[in-house]
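Please look over the sequence and the model below before reading the briefing that follows.

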Amino acid sequence: MRKAFALIVVLVAIGSAVPVILHWWPMAPDISADGHLIDQQMASTMVEVGSAFLLAQFLLAYFVYRSADRGTHENIRSIPGGVKLAVFVAVAFVGAELLALGMQGQRAWAIQYFSTPDPNAMTIQAQAGQFAYYFRYPGLDGKLGATHPEKINEGDQNFFGLDLEKDVAARDDVVSAELAIPVNRQIRLLLHTKDVGHSFYVPELRVQQDFVPGLDLMVHFTATKVGKYEIVCTQLCGMGHHSMRAYLRVMPQAEFDDWLKQKASEQ
Ligand SMILES: [Cu+2]
């Protein structure tokens with residue numbers, strides 16, 4: 001019985017490692033200037049945590065198997081100092097592992113969260129709400145007009161609550177339901193939610209950032225490949241959460257300029 005259990009433990013451990021090792025579910029292609037850092041971190045986390053998992057399962061199987069021959073109920077408590085040793089090894093091992101992964105990943109993290117965006121970065125505001133995204137471009141003056149939640153009126157297409165009468169900066173703001181950006185240019189994306197928590201996730205950009213009510217957050221990224229990619233909400237935000245998505249369109253600069261002009265003329 002114990003030998004059979006030991007065998008099952010080994011088989012389950014190997015079985016769960018095979019799809020990961022063989023990349024049965026590969027990551028989306030990386031289209032971001034800093035994406036390779038995230039991918040490296042993911043890969044080394046999988047290798048380190050995966051090896052630790054396999055090692056732990058094999059050790060478990062080994063001790064179970066060994067105890068079968070002895071026929072005793074010997075356990076870690078019957079060894080003097082056994083419990084202390086086990087706790088120490090577990091804490092030291094897990095601690096060292098987390099510390100190592102944290103140190104290794106600090107560059108990828110710092111690039112996203114501690115570095116200021118490029119002065120030439122293009123500012124766009126993303127607004128999430130149940131259950132759609134809207135994106136706002138500052139227009140020729142380079143300034144985003146102020147938002148007034150009480151002025152939000154979906155019937156008038158005033159999704160951001162702009163005061164077009166009094167606020168000059170708001171007049172040339174361009175609002176779009178898709179996020180069009182020029183390729184190879186850094187984007188400084190300001191994230192604002194008008195209701196609950198949402199998320200901005202583009203797997204190909206390796207960017208996943210929550211919208212937090214009451215906080216305006218910023219992420220920056222540079223897309224390096226022209227194409228159309230899905231933006232999905234990954235925070236359960238209500239009944240329509242499953243349908244909350246938009247598209248990111250990465251375009252050559254000239255095409256983007258035309259797109260922005262076209263959008264501006266429609267408003
Ligand atoms: Cu949502």
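The largest share of the lining of the largest pocket, eight residues, is supplied by helix α5. The structure is a predicted model, in which local features require a pLDDT of at least 70 and side-chain atom pairs count only at pLDDT 80 or more, whereas totals for chains, interfaces and linings use all residues. Residues are numbered from 1 along each chain as its sequence is written, and side-chain values use heavy atoms, with hydrogens and water left out.

**The largest pocket**

- The largest pocket has a volume of about 820 Å³, where a volume is the space filled by probe spheres set on grid points that are joined across faces, edges and corners.
- A pocket here is an open set of points on a 1 Å grid over the protein atoms alone, where a 1.4 Å probe fits, with protein on both sides within 12 Å along at least five of seven lines, and its lining residues have an atom within 4 Å of a point.
- The lining of the largest pocket comprises 33 residues, and those nearest the pocket centre are Asp-172, Asp-173, Val-174, Val-175 and Gln-267.
- At least two lining residues come from each of β1 (122–129), β2 (132–137), α4 (168–171), β3 (174–176) and α5 (253–266); helices (H or I, at least four residues) and strands (E, at least two) are DSSP runs, numbered from the N terminus.
- By residue class, the lining holds 16 nonpolar, eight polar and nine charged residues, with Ala, Val, Leu, Ile, Met, Phe, Trp, Tyr, Cys and Pro counted as nonpolar, Asp, Glu, Lys and Arg as charged, and the others, Gly among them, as polar.
- Val-175, one of the residues nearest the pocket centre, lies in strand β3 and counts as buried at 15% relative accessibility; buried means under 20% relative accessible area, exposed over 50%, and partly exposed in between, with a 1.4 Å probe and protein chains only.
- Val-175 and Tyr-137 are 38 residues apart in sequence, yet their C-alpha atoms are 6.4 Å apart in space.

**The copper site**

- The copper ion has as its protein donors His-198 (ND1), Cys-233 (SG), Cys-237 (SG) and Met-244 (SD), which lie 2.1 to 2.7 Å from the ion; donors are N, O and S atoms within 2.8 Å of the metal (3.2 Å for Na, K and Ca), and sites may look incomplete because water is not among the atoms.
- The arrangement around the copper ion is irregular because the four donor atoms subtend angles of 80 to 138 degrees.
- Four donors count as tetrahedral if all angles lie between 85 and 135 degrees, four count as square planar and six as octahedral if opposite donors are over 155 degrees apart and all others between 65 and 115, and anything else is irregular.
- Along the sequence, the donor residues of the copper ion follow the spacing H-x34-C-x3-C-x6-M.
- His-198 lies in strand β6 (residues 198–202) and Met-244 in the loop between β9 (227–232) and β10 (245–251), so this pair ties together parts that are 46 residues apart in sequence.
- Both His-198 and Met-244 are buried.

**Backbone geometry**

- Most residues other than glycine have a negative phi, and most peptide bonds are trans.
- Gln-130 and Phe-131 are joined by a cis peptide bond, with omega about 0 degrees, and Phe-131 is found in the loop between β1 and β2.
- His-23, in the loop between α1 and α2, has a positive phi near 55 degrees and counts as exposed at 59% relative accessibility.
- Arg-206, in the loop between β6 and β7 (207–211), has a positive phi near 60 degrees but counts as buried at 15% relative accessibility.

- Val-10 is in helix α1 and is partly exposed, with a relative accessible area of 24%; Val-10 and Leu-60, 50 residues apart in sequence, are 8.9 Å apart in space, C-alpha to C-alpha.
- Ile-21 is also found in helix α1 (residues 2–21) and counts as exposed at 57% relative accessibility.
- Ser-44, in helix α2 (residues 35–70), is buried, with a relative accessible area of 13%, and the side chains of Ser-44 and Gln-104 are joined by a polar contact of 2.8 Å.
- A polar contact is a pair of N or O atoms within 3.5 Å; within protein, one must be able to donate a hydrogen and the other to accept it, and residues adjacent in sequence count only if both atoms are side-chain atoms.
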